[in-house]
Number of protein chains: 2
Amino acid sequence: MKQYKYVLPDNEMPTHWYNIIADMKTPPPPYRHPVTLELLGPDDLAPVFPAALIAQEVSTERWIEIPDEVQDVLKMWRPAPLYRAHRWEKALDTPAKIYYKWEGVSPAGSHKPNTAVAQCYYGKQEGLEGFATETGAGQWGSALSFATNLFGLKCKVFMVAVSFQQKPYRRIMMETWGGNVVPSPSSETNAGRAILAENPESPGSLGIAISEAIEYAVTHPGYKYSLGSVVNFVLLHQTVIGLEALKQMEMAGDYPDILIGCAGGGSNAAGLIFPFMRDKLTGARPDLRAIFVESTACPSMTRGIYAYDWGDTAKTGPVAKMHTVGHDFIPAPVHAGGLRYHGMAPSICALLQQGYAEARAYHQVEVLEAAQSFAQAEGFIVAPETAHAVKAAMDEALVCKAAGESKVILFNASGHGHFDLGAYDAYHRQALTDYKLEEEQIQRALAKLPKVAE
Amino acid sequence: MKQYKYVLPDNEMPTHWYNIIADMKTPPPPYRHPVTLELLGPDDLAPVFPAALIAQEVSTERWIEIPDEVQDVLKMWRPAPLYRAHRWEKALDTPAKIYYKWEGVSPAGSHKPNTAVAQCYYGKQEGLEGFATETGAGQWGSALSFATNLFGLKCKVFMVAVSFQQKPYRRIMMETWGGNVVPSPSSETNAGRAILAENPESPGSLGIAISEAIEYAVTHPGYKYSLGSVVNFVLLHQTVIGLEALKQMEMAGDYPDILIGCAGGGSNAAGLIFPFMRDKLTGARPDLRAIFVESTACPSMTRGIYAYDWGDTAKTGPVAKMHTVGHDFIPAPVHAGGLRYHGMAPSICALLQQGYAEARAYHQVEVLEAAQSFAQAEGFIVAPETAHAVKAAMDEALVCKAAGESKVILFNASGHGHFDLGAYDAYHRQALTDYKLEEEQIQRALAKLPKVAE
């Protein structure tokens, strides 16, 4: 009989994270100060992040031990299963072998808790009282609420006001885990009050919410700020995905020719891809292809430029060299809210720039079509973000069909879509919109990039 | 390090279902005809159910082979993990060892697909074109839509109108898997049209939806009716839960002292409990306790009587001897919609009657309180139905604490609550209502039971 999934017992969970920086000939250039644009030292980040995370951010060690207590929590759902998509292969009539790693089994429903748990561990070690963060549709906020609760930390979540009103379920999920969720802009910060004074009905934005969360963290003793993607330490924590998948692919007797992940800030894709990418960087697997998939609504990798830019709209966070469409670019309201980030993880960008990886972008209608096909064959209803990876896997499988090639495709199914069914409904009713992005919109945003002398 | 979960590889999935009827000294008495009240023969059921399922319904074989194609589909998520609730034990400060089987990993999010898949296999074998069924909040309808789609069958779902309007997400889920969902009462059946003629704004009820589904099935060539609980063959299909758990408890080096499941029609509880109950029926584990947990809003086992009653409100289905609060009893609108069935699986009732099992009932506020405690410790947010089992496990663990006893408790975590977060929200806001059930309400309903000469 066919084998559908590859499961690892608790004791096969990775004991170390993989730090790809150690294997990059040219690592991403260091961060710059948001105001002076000078090189940023660890001290500059100290008020914002726990010290242990700053150390991981700049570490060049290849393997970083996962503390026992972190492993202990991750075992609530990890190792996550790796699936062979036999039914979908048949539906697509492809000779390709499609595998996917299923991160939807976590309590919060995505890969996000992998880093939330680690961050809370280090925050607790440092004696913090709590974390503040921002969240759009609520995916990251729920992961952090879940994790803070387990470590006895408080969690302050600034949730974009329009999502707070329209998507109550993720808010309730956060509250169930003890998170304190307020709509942003809020009256709890200067940043929020300033916006509300101008427009009491402001729908909010991720940029505003980030500003509120950072302000809250640095003005409340015992609090620091928690970030769910982009930076090195977050991507590091996500490598448990790929490290498990390496073992599981070995169980399956295959090695991927093509790796795929959707990328907003890039953490889930990097989490799957980096441990395999090591084989490419070291020359063991020179032909390995890695595809990072973004939304055409926010095409940092495919239509942006590789340049220094602020990580946040309010220009309070570090400046990083990355693929960007500009820190004040406002993407269309696609359902894949997690792919609406203007930049991309600097480590991924360096790999793209150096030719180790590829990027592509999709419109949301084609993406939902692929997700629907996947759901009908494999059962799982994925998040709209994840659907971008599904679409890329489908396209690669169809290329294999045309060429008669039996390549091995592995993608990261980063989360379920239980709170995003509105996107599927819109697709079923042919009410889903594709957004055409004018080049001048991007150029306008890019004109505001900082001038960094390298 | 502590072990948190026990996973079985694909090839350890059960190959046979366990039929408890084979081990019962006194099996439940046979069904009666809904009109004549005479003994019902397999032929009477033929227009409604596939022949293979009718054969399973009356089978006395102990082990019934699970067809390869059914096993193949179940492997999309089975074997399901068994968890040790180390964190919850600590939070409850109990010496008890608490285990739970986690059925929320199925694509539909509950145990329901275990039987939906089997029913669709046999339906396909028989050459059916599709199934019709009813659904309340959508749990069963989504399981059947998921399964029909995989076997290339059509799925007609009559969804209680008020849920259809108020809970669009499960409807969208069904549509994603290709289900054709209509609000009930509908204009597609005589039963529905009659209700609509009287009240065009009827909110519908499960009783009406059942009548519509059966009528649709018997009046549409190629269609039969699919049922998600209560009858023997459904409980049989659910025994994969307990058969896996038997192996997993062995991996854990423990054997349960107390088994717990929530029970509306009884299928998830029986699925976990019956394979262990075998050890009690055969005398190997005389002290094993099995607790079936219901809602105080519909207390068939704890306040109903053990008597013959119609299985459905419209009196079109078989009459069975069971614990019942009467076929036209209308339970309060508790969040645990799956526990609002007036009767109970006849096999469970026989075990209760013969002293092999216990029953208890809880109010919804205490139940949500327990679910909140569980979610904060274990991460998983369970369905309101499942929360009843969680509450019973908590109470038993607290009894152990008071007595200083380290008993082994195993309960079935039958599904996630991602589409039921409104119940948690109401609990957080102290807006959750407990319903007091007057004895005369039950007595009024019981007065309408059929008079069967035994």
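1. Helices here are DSSP runs (H or I, at least four residues), numbered from the N terminus. The model is predicted: local features need pLDDT of at least 70, side-chain atom pairs count only at pLDDT 80 or more, and totals for chains, interfaces and linings use all residues. Residues are numbered from 1 along each chain as its sequence is written, chains are lettered from A in the order in which they are written, and side-chain values use heavy atoms, without hydrogens and water.

2. Now the helix itself. α13 of chain B covers residues 267–281 and has a kink of about 45 degrees at F274(B), shortly before the proline P275(B). The bend is the angle between axes fitted to the seven residues ending at a residue and the seven starting there. Of the 15 residues of α13(B), 13 are buried, so the rest of the structure largely encloses this helix. Buried means under 20% relative accessible area (1.4 Å probe, protein chains only).

3. Next, the interface. Contact (heavy atoms within 4.5 Å) links 51 residues of chain B with 51 residues of chain A. The buried area is about 4400 Å², and carbon and sulfur atoms give 55% of that. This is accessible area (1.4 Å probe) lost when the two parts are put together, summed over both. In chain B, M1(B), M76(B) and T176(B) lose the most area to chain A, together 14% of what that side buries.

4. Last, charges. The rule finds 6 salt bridges across the interface of chain B and chain A. A salt bridge puts a side-chain nitrogen of Lys or Arg within 4 Å of a carboxyl oxygen of Asp or Glu. D10(B) pairs this way with K5(A), their closest N and O atoms being 2.9 Å apart.

Methods
Helices (H or I, at least four residues) and strands (E, at least two) are DSSP runs, numbered from the N terminus. Buried means under 20% relative accessible area, exposed over 50%, partly exposed in between (1.4 Å probe, protein chains only).
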